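Trainee: I am new to this structure and would like to go through the labels attached to it.
Mentor: Then ask about them in turn.

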Amino acid sequence: MTKNNSRGDIQLIRSRLGSDSIVLIGLMGAGKTTVGRRLAQKLGLPFVDADHEIERAAGMSVSDIFEQHGEAHFRDGERRVIARLLETGPQVLATGGGAYMDETTRHNISARGICVWLKCSHKLLMKRVRKRGHRPLLKTADPDAVMQELMDKRYPVYAKSDLTVVSRDVSHNTIVNDIIRTLHSYFEPAEQENK
Ligand code: S3P
């Protein structure tokens, strides 16, 4: 799944997508923002990060929202912001790790988007999140155990996504190409089999 994608593949995805969004889901550290930005660039689509939009709407950081107003308040804002963003496709939309756990958000995503789960091992997630300490859910004595609990709880729900791409410890470009190939075979299954 590492071969480069052709212009034709990209055009097909763009035309089948119409005004829907490609929505990236997955745990903290899965690479949704970094990979999403590059994916958007390659597809010639705008990139939007839901957490950044929530921060902009609230005028404060995600950490501060959690600290000053609590997680439930953050989740309300997250649900509203994602519903609004989904109205303005086509685009690549990266969501925060908890967004897809909300039933309304799952429903909105399936109505207006193609959902791609960036599935990632515990080891790689921890390697990535350790580099930055801004995530409120991981500000605990045992972030490894919290991450494992989140995987146990969320992976069965993430599995409802339209597509799954394994986020490995390889270049972001490789993952972007994997996503494009996966999207292409989703839109054009028979053609992909003959490639
Ligand atoms: C969260 C993930 C974060 C952010 C918030 C809660 C979660 O986003 O939305 O800290 O519940 O997993 P990233 O997945 O982009 O880190």
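Trainee: Why does serine 15 count as exposed?
Mentor: The relative accessibility of serine 15 is 52%, and exposed means over 50%, so serine 15 counts as exposed. Bear in mind that this is a predicted model.

Trainee: Where is serine 15?
Mentor: Serine 15 is in helix 1, residues 7-17. Its C-alpha atom is separated by 40 Å from that of glycine 133, 118 residues apart along the chain.

Trainee: Is glutamine 91 buried or exposed, and why?
Mentor: Buried means under 20% relative accessible area; glutamine 91 has 3%, so it counts as buried. Glutamine 91 belongs to strand 3, residues 91-94.

Trainee: What does glutamine 91 touch?
Mentor: Leaving aside residues up to four places away in sequence, glutamine 91 touches Asp20, Ser21, Ile22, Leu45, Pro46, Val48, Leu85 and Leu86.

Trainee: What makes the pairing of glutamine 91 with serine 21 a polar contact?
Mentor: The two side chains come to 2.9 Å, and the cut-off for such a pair of N or O atoms is within 3.5 Å. The side chain of glutamine 91 also reaches the backbone oxygen of leucine 85, at 2.7 Å.

Trainee: Why is helix 9 described as largely enclosed?
Mentor: Twelve of its 16 residues are buried, so the rest of the structure largely encloses helix 9. Among the buried ones are Thr174, Ile175, His184 and Phe187.

Trainee: How do you know that the span of helix 9 agrees with its residue count?
Mentor: Helix 9 runs over residues 172-187, and at 1.5 Å a residue its 16 residues should span 22 Å. The end C-alpha atoms are 23 Å apart, which agrees.

Trainee: Where is the kink in helix 8?
Mentor: The kink lies at aspartate 152, shortly before proline 156, and is about 30 degrees. Helix 8 covers residues 143-158.

Trainee: What covers the buried residues of helix 8?
Mentor: The cover includes strand 1, helix 5, helix 6, strand 4 and helix 7. Arg154 is one of the buried residues of helix 8.

Trainee: Which residues come nearest to the ligand?
Mentor: Of the 13 residues around the ligand, these are Lys32, Asp51, Arg75, Arg135 and Arg154. An N or O atom in the side chain of lysine 32 is 2.6 Å from a ligand oxygen, and a polar side-chain atom of arginine 135 lies 2.7 Å from an oxygen atom of the ligand.

Trainee: How much of the ligand does the protein bury?
Mentor: Taken alone the ligand exposes 380 Å², and the protein buries 94% of that.

Terms used:
Residues are numbered from 1 along each chain as its sequence is written. This is a predicted model: local features need pLDDT of at least 70, side-chain atom pairs count only at pLDDT 80 or more; totals for chains, interfaces and linings use all residues. Side-chain values use heavy atoms; hydrogens and water are left out. The bend at a residue is the angle between axes fitted to the seven residues ending there and the seven starting there. Helices (H or I, at least four residues) and strands (E, at least two) are DSSP runs, numbered from the N terminus. Buried means under 20% relative accessible area, exposed over 50%, partly exposed in between (1.4 Å probe, protein chains only). Contact means heavy atoms within 4.5 Å. A residue is near a molecule or strand if one of its heavy atoms lies within 4 Å of it. A polar contact is a pair of N or O atoms within 3.5 Å; within protein, one must be able to donate a hydrogen and the other to accept it, and residues adjacent in sequence count only if both atoms are side-chain atoms. Accessible areas come from the Shrake-Rupley method with a 1.4 Å probe; for residues, only the protein chains shown count as cover. The expected span of a helix is 1.5 Å times one less than its number of residues.
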